[in-house]
Each structure stands twice: as C-alpha cells, then as structure tokens.
Amino acid sequence: MTATVLPPENLAPTGAGVQRGRLYGGIAMIVVGLYGVWAFGLGSRTSGVDTRFVLNLSNATGLTLPDLTFPAGPVALVLAVLAALCGAAKLALPLSGRRNAAVMGVFLLSYVLAFLVWAAAGQSLNLAAVLEATVLAAVPLVLGALAGVMGERSGVINVGIEGQFLLGACTAAFTASLTGSLWAGMAAGCLAGGLFGLLLAVFAQRYLVEQVVLGVVLTMLATGLTGFFYESVMQRDSITYNQALSFPDLEIPLLSKLPLIGPVLFDQNIIVYLAMALIALVHVALFRTRWGLRTRAVGEHPTAADTVGINVIRTRYLNMFAAGLIAGLGGVWLTIGLNISFNKNMAAGQGFIALAAVIFGRWSPVGALWAALLFGFAGGLSTAVQPLQTPVPTSFLTMLPYLATIFAVAGLVGHVRAPAADGQPYTKG
Amino acid sequence: MALELRGITKRFGSLVANDAIDLEVRPGEIHCLLGENGAGKSTLMNILYGLYQPDEGEIRVGGSPLRLDGPRSAINAGIGMVHQHFMLVPVFTVAENVMLGDERVKGPLLDQGAARRHVREVSERYGLAVDPDATVGDLPVGVQQRVEIVKALTRNAKILILDEPTAVLTPQETRELFTVMGRLREAGTAIVFITHKLKEVKAIADRITVIRRGKVVGTADPSASESELAALMVGRQVRLKVEKEPARDTGAAPAFSVRDLTVRNLAGQAVVDGVSLDIRPGEVLGVAGVQGNGQTELTQAVLGLIEPESGSIVLDGAELTGRSPRERLRAGLGFVPEDRGHDGLVGTASVAENLILDLYDRPPFGRRGTMDVREVRRNAAQRVEEFDIRTTSIEQPVGELSGGNQQKVVVAREMSRPLRMLVISQPTRGVDVGAMEFIHQRIIRERDQGRPVLLVSTELDEVMALSDRVAVMYGGKIVAVVPADTSTEKIGLLMAGANPEDVVDE
C-alpha cells in the first residue's frame, strides 16, 4: 500500500470511528459507574459504617490534617454516581481533546475513590502512605522513561532500560559496599547505564541491528552478567560486596512541613530530588534549547538535520549515553536509594513499565512523569488495599489498577505519534 | 559569487555517475542543468553540497578552490540547496526549521523571537510570504518550498541550487517560483536550476548545460527549440507530441462508471469524496491534480486495495465493489500503480517472474500447483522483445533495471493479458524520454482497441497530451471535467482549488 498523502494527525478527527468510540466509551463508563453505585454505594459492606481516611504519614512532623471520617455508603454512592455522570457527559456532549481528558480524569478519580471508600469501610486507610508508595515506585519508572524519551526523540528505540536498571543497581551496590562511598556507587551505577546505552546505540547505528530485538538481547546479557556476578562474587561476602545501604533522607525546610505532600515529596533522599530536577531539566532542554531542537530534528527527519550540518550519528550517540546515565540512576535507586542489597533480576520488569510510560507520556518528559505516577499509584494502591480484607481476590486486586491504567490510556491518550525516524538507523545517500 | 566546477568525476563501483563535468555559474544568472533521470544531475548536486566527495576534479567558489567535506562547509561557502524532497521537519514551525543548525540563543535557551524576525526579514526582502509560526506539515507544498528557499537565504546563500523544484507544483505555483527566481537573479544570486522540463528551461534559463549519462554533452541558448533541446538531452531525435487520432465513438455508452465513491482514511477524512465519473470505450479520461488530492486512493479503490465507504464502481455492467483485487484483475482490469518499486514489482525477483506476477497460478504458467518454468521463460523472452526491455537477461533481478525499463516490465505485464480496462497511474514518473514515448504509444494503442483508460498523472502536460477528456481532482472531489484542449491556465486554476464556475466564466 502506498501511504496516504494527506497528513492525518493535524486535523480534528471527525470520522465515524471517533463517533463510535464516543458511543461505546460513554456507554461503558455509565455501565461501570452504575455497577459502582450498586456494589460500592448500596452494598452491604458500606451500609451503616464509617470509613476513615488518614492524611498524614505516621512520622509527620509538620502541619497535619485531621483524619477524614464519613459514612461509607452515601459517600461511595455519590462518587460512583459522579463517575456514571462522566460517562453520560461523554455520550451526550461532543468533547474534544482537553475536555475529554478532563472528563476521563474525573471519572477515574471518583471511581477509584469510591472503590477505596468501599474497601476501607468500617476501617481506616492511610492515603498519605499510598501517596508515598506511589512516589517511591514512580522514581525508577520516571528515570527509565526519561532515558527512553531522550533516546527515542533522537531516533533510537531503547528496549534495554530493564538491563540498564540491573547494571546500575548491581554496580551501585557493589561499588558503594566496596568503597564505602555512596557517591562512588551512584557514579559507577550511572556510568554502567551510560555505557550500556552507548553500546546499544553503536549496535543500532553502526551495525544496523533491529533495535527492539537488540534491546531485548542486551537486557538478557545484563541479566546474565549481573546474575553471574551476584552468585560468584557478591553473594559470597555480602558484607564486603553487597550491603544494604542508602542515602540519608534530606528534609527540605518549610516545604517538608506542608500537610500531606510535605513529607511525601520533600523528606526523601537525594535521588528523589535528582529525579525531580531531571524531569524539569530534560523537559525544558528538549523543547527550548539548541540541543533539544537538534535532537528532535534528528529523530524526526535525520536527512534534513544532516543537510544543515548537524552530525546525526554523534547526536544519537551522545543522547544515548546521557540517557543511559539517567537510566543507570534509576538502577542506583533500586539498591542504594531504597536501602536494599542487590538481588538477581531485582528490576522485575520495571524497565519495561518505564518503556510503556514513554509511550503513554507521548514522548514528553512531563508526560512520562504522569504516566510513571499512574503506574506507581497502581502499585501503591494494591499494596494498601490488600490488608483491608476485601472480598476481591488478592491477585485480582494487583491486576485492577493496571486495568484502570489501560482504560485510562485508551481514553486519555488516543492517537499517539512516535518521532518519525524512531528506530531507523541513519544511512547517507 | 561565481561557481566553477572543473573535471568533476564521481564513480560508484564500475558506474561513472559523473564524467569530467565542467560547469560555470555566474552571479545574477539562472543556469539550467538539463538532463534525464539518471543522467547524473543529482550526483553532481550532492557533490556540490558536500554530501558526496568527487573522485577527481575541482570546485571553485569566487575563484578560490574549495574542499567540501559536508553540508556545513557548503553552507559556509555560500551554497544553498533546495532539495527535490524537502529537507524540512514537518512537526516543526517555519521558524524552527529555518533556524535549525544555525540557532540563535539567549543564554541556554533558543531565541524564538529573533528567529521569527529573521524569517520575516528575509521573506519580505524577496517577496516570499511565509508565516514563521505555521507548522510546516500543515502548509501546501508550494509554501513549503518557499520555506526551503528562505532557509537557504537566511544562511546567506549566494549560490542557490534548485533540484527539480517544479515537480510538485501547480502551474500557478511554478510561475510564482519563477518570479522569485527572477528577483533573486536581480539581487545577484547565482542559481542552478535542475530540471528535465523543456518548457520551463526556455521560460527562465539564461544559459543551459545539458548532461547525458554523466557527461556534459553540450550547452545551449534558451532560444533553442524544444526539439533541439530534447535531442541533445536524449541523444537522438524524439517526437515530443503524442501521435493520436481523436477518440472514435464519442456517443457510445460508458463502459466504466464510478458513482458517488467515498473513501475515508484512518483519521476518518473523506480522501475521495463523492466522486462520479464515466469513461466510454476507446476513451482516455485523464485525472489531473496536485499530488495528494485523492488520486492515489481513487485508483486503489478501483483495484480494490482499499474498501470505499460508499459508492459503486461498474465495469461493463458488473459491479466491482466488494470483490477482491484478484477477481477484478481476472475480470480484465489492468493496473499500473503510481509507485512501481513499491506496488508494481518485486525488486529482488527476476524480470521473468515479475512478468507473470498476476498470472503465475493459471495456465499456461501454473498447472496443478507447479509452475511451468519453460513457459515462463518463453513468455519473458517474448515480452522483453515486444516491449524493448533493456536487461542483461530475463533472470536479472528487476530492481537492477533503470526506472524506464522497470516501468516497461509493469506495463508489459499489464498489457499482455486480455484487458477490459486500463488504470494507469503516473505512467512515466522517473522514466527517460525514450521509454516515455513508447509507453505513451502503448496507452493510446489500448485506447484504440476500444478500452476505457483511466489515466492519473501529476504531470499536467502528460494528462493533456494523452487524454480525450480531463477530470480535475481537488480535495478528494472531481471539481470539473473539461475537454483536453482546455488551456493549461484554466486547468491549473482548478487544480489549485479555484471555483470551477469562475474559471469557466473567464
């Protein structure tokens, strides 16, 4: 098939497919909302009991918020009705872009809250703890996703973030234990990720290896290498080679005293702050600086970049190395950021989730942050709800947040477009 | 600044793409480089832009010899190039495209304001209206080309190379481009204008250099006649006019009809929008239009490569919609796609195999699940002879042939089975003049045998020369169907989206 010549992405979609999406989406949201009304609002679990939401971490020292106690049934009912109304709004009104996203956001938020009110009926749930778990789980995801964004924006697909996590985690734990310096551990972990990224870029660009396969293979290499190193060296003498170490928490004055978010965001260790700074830095750099303009040009139309004198291949190598440093930092977090010693395959697929965050975040650093927080929230939620003894099977609980994520992504992201030259090695002529 | 090339030679393996080429361009002149596809024009320009390094020879700018080891050094030497396929990032704004590689910064950040001012300055000075904040992908092709010129001028290009700049333009846009080129000439810019279109050469060139098979074969004056120039370019006398009788049987009932055909793309836009047309037996209906106005989808819907949303397609009384492409081919539909390399041929398969791509499983070539290789070879030998396909052997991979010979393979395949109708898209794109002449004759021969022919081409001259009636397509609609002797001017206006009533009223 020949490509259609009209550029599809720049015009407001008005076709039958979109209308059908609106119809099915709206109906599905109403049905799910009404189910919530019946199960959460009118069910026996919530009738006649109160739910208590705690809004402070147990060690909070600054301003605190009072606990929220309210009758479970009516509140869950109202929230579920709100969710159903969102479905009705989607069905009835032609919502475009931003408004559609807002309606989907309200739907998800109210529905998740209704679920939480129901799950914690007659008990108490610490929302601040859920938030903290969300942030901690999002740190490696957002670092990995930033690396992915930098690579793909310059036209190199990096499926090897998982491998960079493992290498970073292993190298950081080993170096920090051996030298006694956490900073040395961090530097070594980042460097390991950077070299991995460079290796991937060289194979992809110089030897034209298919990039998805390449990333998977290199991840397997990293898994094998770190596993072997763990068994043959680190495990033998974990005091010397593999201690559980961590950067100390740094409390930021004033900000850490804010209610709810203060201790969650501003009483963490240096890697969390580095991650926040890197998101802002990469976002501004990508869209407002010379480096960013050139990077995006190289990822969209490398020949055009070449004809104005930009060195395409060098740009890609540099980006992949810098991105690798950041992905390596994500690995560093997994050991000396969380006070955990290295273990075989400890990244457990988080590198691949970071890759998903790249796409869900539409190849933008800030988008990747939201995506990472959503995934992090998924993890934090299932951990928090499990002790509440709900009738929902535990494995289904672990799955539910991911289902919500997929649902949100289908509704919120819609049509996404990768950089045009993503995954294609540049060859002259 | 004057540009001088002396004895430029470039070899790719055993192929000599440029053989001791001399060329001199003075400031304030438009120097036309005329040659067929594959004559070596693009290689020469890539050398001039630093993308290739010559094996021998010397480039001089302003009298001093220059080593060009990349686009950067070409830009620094004052050479600007407008590539045939635009070197613009579609998702960037005009200002971002123009400043790319030459960015103005304020501290660590890009200075978007300065970039915008720079674009406005240059576009006002030369009358090249462009909006610095528009996204390039949203702009019409003619405006994108202006952006390319602005891009070169903001880099202080004193020597501007335009590589086949008119290939994508409507006649009106071409005229605007010529006005701009005239203004640049007055401002003292040296312009190299690469083309194979003789009319344009005569309209704008100050001097003409003709190259053929990598060599300069002569220089000419713009006053030379078109046939003189063609003879120089091709190396023999060619007939530029298609010889044909007027269509017979103009009163006959249509053999092929399309009614209210609508095709939507993935984004839901109607790329073919309620199209109706009729073609009588023995008539060529030409579809004129700028690339991307739904012609591709129209032909694909006729063959059945895409399913229309609504409408009907009838050939000799039989409805075609809902049938597979194979059924339609077997029903006697001949189809020459616009992109032969992509849709018309299997590049790595042999000439012989490509000649039976749609017949391999039927007698005489296929019997009970096996192919009769001897029959395939016999057929190939016959077609190669009949269609004058220049190949080293029938076993040669078709991708190794020249563009013209590849196209002859497609045409030979489609025209060598009994047809009820021929759909032919861009019949001579990237085809040399010799092969062009031949393919045109074969199209007319199909017509004269009483078949309806649907011809789609973005080369307006070709549509006018071959068609009995011309349908103009714009924005997915057939905006007018006019006789083939309508003026180029009027058809050009229709192609650009002018209101048909205004045009006819003139």
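Guide: Let's start at B:I79. If you set aside neighbours within four places in sequence, B:I79 is in contact with B:L48, B:Y49, B:A74, B:A157, B:I159 and B:I161. Bear in mind that this is a predicted model. The residue belongs to the largest nonpolar core, which has 154 residues, and B:I79, B:F193, B:L455 and B:V472 are the ones that touch the most other members. Apart from that core lies another, of 108 residues, whose members include A:V75, A:A76, A:L79 and A:F377.

That brings us to chain A and its open sheet of three strands, ordered β2-β1-β3, with mixed pairing. At the edges sit β2 (68-71) and β3 (124-126) of chain A, each pairing on one side only. Ignoring direction, neighbouring strands of this sheet are turned by 20° against each other on average. To put residues on it, A:V54 has A:N126 as its bridge partner in β3(A).

Now look at what covers those strands. Helix α4 (residues 127-153) of chain A lies across β1 and β3 of chain A, and runs at about 35° to β3(A). The helix α4(A) also has a helical partner, α13 (residues 312-337) of chain A: their axes come within 8 Å and cross at roughly 170°. Angles over 145 degrees count as roughly antiparallel, so that is how α4(A) relates to α13(A). On the α4(A) side, the contact uses A:V139, A:P140, A:L143, A:G144, A:L146, A:A147, A:M150 and A:G151. They meet a set in α13(A) that includes A:N319, A:A323, A:I326, A:L329, A:W333 and A:L334. Sorted by type, the residues of this contact between α4(A) and α13(A) come to 14 nonpolar, five polar and no charged.

While you're in chain A, have a look at helix α14 (residues 350-360), which is mostly covered, with eight of its 11 residues buried. Those buried residues are A:Q350, A:G351, A:I353, A:A354, A:L355, A:A357, A:V358 and A:F360. After α14(A) comes A:R362, with a positive phi near 55°.

Back to chain B, where you can find another open sheet, this one of four strands in the order β14-β13-β16-β17, with antiparallel pairing. Its edges are β14 (270-279) and β17 (318-319) of chain B, each of which pairs on one side only. Strand β13 (residues 256-264) of chain B is joined to β14(B) by six bridges, the two running antiparallel. Here B:V263 stands opposite B:V272 of β14(B). This sheet has its own helix too: α9 (residues 295-303) of chain B lies across β13, β14 and β16 (310-315) of chain B, at about 65° to β14(B).

We'll end at a loop in chain B. B:P363 lies between α12 (351-354) and β19 (366-367) of chain B. B:P363 counts as exposed because there are 10 C-beta neighbours inside 10 Å, and the exposed class takes in residues with 12 or fewer. Its C-alpha atom is separated by 9.5 Å from that of B:E375, 12 residues apart along the chain.

Note on methods. Residues numbered from 1 in each chain as written. Chains lettered and ligands numbered in written order. Predicted model: local features only at pLDDT ≥ 70, side-chain atom pairs only at ≥ 80, totals over all residues. Pairing = 2+ DSSP bridges. Contact = placed C-beta atoms within 7 Å. Axes fitted to C-alpha atoms, helices over the stretch in contact; angles between N-to-C directions. Buried ≥ 20, exposed ≤ 12 C-beta atoms within 10 Å, placed from the backbone. Parallel < 35°, antiparallel > 145°, perpendicular 65-115°, else oblique. Nonpolar A, V, L, I, M, F, W, Y, C, P; charged D, E, K, R; others polar. Core = buried A, V, L, I, M, F, W, Y, C linked by C-beta atoms within 7 Å.
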